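Have the model open as you read.

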Amino acid sequence: NVTVRVTLNGIDFSHAWFVRYETTRFVLDVNPRTGPSSGGTAVHISGAFNHSVESGTGLYCTFGGISAVATHLSTSLILCVSPPQSPGTVQLLLFAPNFEVIDTPISFTYQPDTPILRVGPSLGPVYGGTTITVIGQYFQVGAEATCRFGTSPSVPATVLASSALLCSAPASAEGTVAVDVSMNSADFTNWGVRYLYYQNPTFDEVLPSRVSFQSHISVTVRGANFLSNGVWCRIGNFATLTLNLLNSATGLLAIPVALPPGDHNLQFSQNG
């Protein structure tokens, strides 16, 4: 604090008042800098702030002129939650009592909300690794996109176009989970799209294992954990057929007449 007095003759001075000099303040980072137009993005502002900011009293942010309460988390971190706005880029400012904290304008981009229409395939084994195509709207090419399967940690996503992105399903317990996506790795959708994790099926035997060339015959496939929504069988590089399920452990496979003579590998899939 500095004492200030005023005089008109160099002899008689007025009553004193005080001026407080604050240390320099500057913002180091704002994260994230994008969010959905529906608002609710938790924007963290980190930096070196002076005493008035560190006191945490009366802080607020503005997003394009719309005010939002700011929360003082630590001496170097402040939280602002974005209010709803139309898609577009706005100026983000932080204020402490009677002065503006952010000296350099910082942009924050509102993006359209991103509905998810479907995922394909919509099921996969519990050990994960299935590449999922998510179909939706307003995906942002080049965004830090992620997918979330239920309560599992989010996984990176690659945006192919404004209507499609790819991600790999993580390992999870058996059952159905919600699939959500984020364009800023922070705000996730909530559209109720589901993905089914199943126990990996086993395929133990095929009877008979030899059939006559160009004969109309079905072989029996035995195993465990067959799903009722379908099991596909690939015969070498020649054909992909649907197994006619009798129960969760048995199915019939019609051998194509056009299959050439010789040994052929059988590969099975429950999600195509």
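A residue is called buried under 20% relative accessible area, exposed over 50% and partly exposed in between, using a 1.4 Å probe and protein chains only. By that rule Cys61 is buried, and so is Cys80. A word on the ground rules: this is a predicted model, in which local features need pLDDT of at least 70 and side-chain atom pairs count only at pLDDT 80 or more, while totals for chains, interfaces and linings use all residues. Residues are numbered from 1 along each chain as its sequence is written, and side-chain values use heavy atoms, with hydrogens and water left out.

Back to the cysteines. A disulfide is a covalent bond between the sulfur atoms of two cysteines; here a pair of cysteine sulfur atoms within 2.5 Å is taken as one. How many disulfides does this rule give? The count is two. One of them joins Cys61 to Cys80, with an S to S distance of 1.6 Å. Cys61 belongs to strand S6 (residues 60-63) and Cys80 to strand S8, so this bond ties together parts that are 19 residues apart in sequence. Strands, for the record, are DSSP runs of E with at least two residues, and helices are runs of H or I with at least four, numbered from the N terminus.

Cys147 and Cys167 also form a disulfide, with their sulfur atoms 2.3 Å apart. The torsion about their S-S bond is about -95 degrees, so this disulfide is left-handed. Because Cys147 lies in strand S15 and Cys167 in strand S17 (residues 164-168), the pair links parts 20 residues apart in sequence. Cys147 is buried at a relative accessible area of 0%, and Cys167 counts as buried at 4%. With the bonded cysteines of the protein chain numbered in sequence order, the pairing reads 1-2, 3-4. Cys233 is buried as well, with a relative accessible area of 0%.

Now for the rings. Rings of Phe, Tyr and Trp (its six-membered ring) pair if their centres lie within 6.5 Å; planes under 30 degrees apart count as stacked, over 60 as edge-to-face and the rest as tilted. Searching the whole structure turns up seven aromatic pairs. Among them, Phe149 and Tyr195 are edge-to-face, at 5.4 Å centre to centre with 80 degrees between the planes. Phe149 sits in strand S15 (residues 146-149) and Tyr195 in strand S19 (residues 194-198), so their pair ties together parts that are 46 residues apart in sequence. Both Phe149 and Tyr195 are buried.

Phe203 and Phe226 have ring centres 5.0 Å apart and planes at 25 degrees, so this pair is stacked. Phe203 is partly exposed at 25% relative accessibility, whereas Phe226 is buried at 5%.

Where does a charge meet a ring? The charged end of Arg148 sits over the ring of Phe188, 4.2 Å from its centre; the rule asks for NZ of Lys or CZ of Arg within 6 Å of the ring centre and within 35 degrees of the ring normal.

Our last stop brings several residues together. Phe63, Phe108 and Tyr110 form one aromatic cluster. Gln85, in the loop between strand S8 (77-81) and strand S9 (88-96), is buried, with a relative accessible area of 18%. The side chain of Gln85 reaches the backbone oxygen of Phe63 at 2.4 Å. Leaving aside neighbours within four places in sequence, Gln85 is in contact (heavy atoms within 4.5 Å) with Ser37, Phe63, Gly64, Ile66, Val90 and Tyr110.

Definitions and conventions:
Polar contact = N/O pair within 3.5 Å; in protein donor to acceptor, adjacent residues only side chain to side chain.
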